[in-house]
Amino acid sequence: QVQLVESGGGLVQPGGSLRLSCAASGSIFRVNTVGWYRQAPGKQRELVAAITSGSITNYADSVKGRFTIARDNTKNTVYLQMNSLKPEDTAVYYCNADVALSSRSSVNAWGQGTQVTVSS
């Protein structure tokens with residue numbers, strides 16, 4: 001019913017930048033809260049940043065001041081701009097979204113993930 005596709009990952013040097021995109025498609029009435037999560041090898045998945053349908057944002061302490069989450073509702077797409085990247089930001093990044101299929105039903109969906117590697 002709903003698909004989330006992440007893109008924009010890759011290999012970047014410390015101090016560099018990447019912009020991730022999460023595009024939602026399918027039978028969408030409205031995309032509500034969207035979160036970016038990451039999971040490094042041997043670690044639990046953690047919330048990096050989230051944005052509500054009203055564009056209220058919150059960030060993990062480890063990325064505050066470096067990452068910015070934003071959304072384009074006309075494209076059902078959420079972005080994660082990542083600046084001043086550090087080796088510890090290396091992980092698979094996933095987006096998660098609460099998507100309303102109608103005024104009375106919704107689903108929660110995950111994307112397939114995109115690898116971000118920060119290394120010299």
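Mentor: Let's start at Thr114, where a polar atom of the side chain lies 3.3 Å from the backbone nitrogen of Gly9. That is a polar contact, meaning a pair of N or O atoms within 3.5 Å; within protein, one must be able to donate a hydrogen and the other to accept it, and residues adjacent in sequence count only if both atoms are side-chain atoms. Before we go on, please keep in mind that this is a predicted model, in which local features need pLDDT of at least 70 and side-chain atom pairs count only at pLDDT 80 or more, while totals for chains, interfaces and linings use all residues. Numbering runs from 1 along each chain as its sequence is written, and side-chain values use heavy atoms, with hydrogens and water left out.

Thr114 belongs to strand β11, which covers residues 114-118. Strands here are DSSP runs of E with at least two residues, helices are runs of H or I with at least four, and both are numbered from the N terminus. Thr114 counts as buried because its relative accessibility is 10%; buried means under 20% relative accessible area, exposed over 50% and partly exposed in between, with a 1.4 Å probe and protein chains only. Its surroundings come from several parts of the sequence: leaving aside neighbours within four places, Thr114 is in contact with Glu6, Ser7, Gly8, Gly9, Leu20, Ala91, Val92 and Tyr93. Contact here means heavy atoms within 4.5 Å.

From that list, let's follow Val92, which sits in strand β9. Val92 counts as partly exposed, since its relative accessibility is 22%. Beyond the residues up to four places away in sequence, Val92 touches Gly113, Thr114 and Gln115, and also Tyr37, Arg38 and Gln39. Gln39 is 53 residues from Val92 in sequence, yet their C-alpha atoms are 5.3 Å apart.

Gly8, another contact of Thr114, takes us to Arg19 in strand β3, residues 18-26. A relative accessible area of 48% makes Arg19 partly exposed.

Strand β8, residues 77-82, begins with Thr77. With 9% relative accessibility, Thr77 is buried, and its side chain reaches the backbone oxygen of Lys75 at 2.9 Å. Setting aside neighbours within four places, Thr77 is in contact with Ser21, Cys22 and Ala23, along with Ala70, Arg71 and Asp72.

Trp110 is worth a stop too, in strand β10, residues 106-110. Trp110 is partly exposed, because its relative accessibility is 40%. The residues it touches, not counting those up to four places away, are Leu4, Tyr37, Arg45, Tyr94, Cys95 and Asn96. Ala97 lies 13 residues from Trp110 in sequence and 6.7 Å away, C-alpha to C-alpha.

Ser55, in the loop between β5 (46-51) and β6 (57-59), has a positive phi of about 65° although it is not a glycine. Ser84, in the loop between β8 and β9 (91-100), likewise has a positive phi, near 50°. Ser55 is partly exposed at 43% relative accessibility, and Ser84 is partly exposed at 40%.

Now for the whole chain. The protein chain has eleven strands and zero helices. Buried residues make up 40% of its 120 residues. Among contacts with a separation of 6 or more, 54% join residues 24 or more positions apart. The radius of gyration, taken over C-alpha atoms, is compared with a globule rule of 2.2 Å times the number of residues to the power 0.38; for 120 residues a compact globule would have a value near 14 Å, so the 14 Å of the protein chain agrees. Along the principal axes, the C-alpha atoms fill a box of roughly 50 × 25 × 25 Å.
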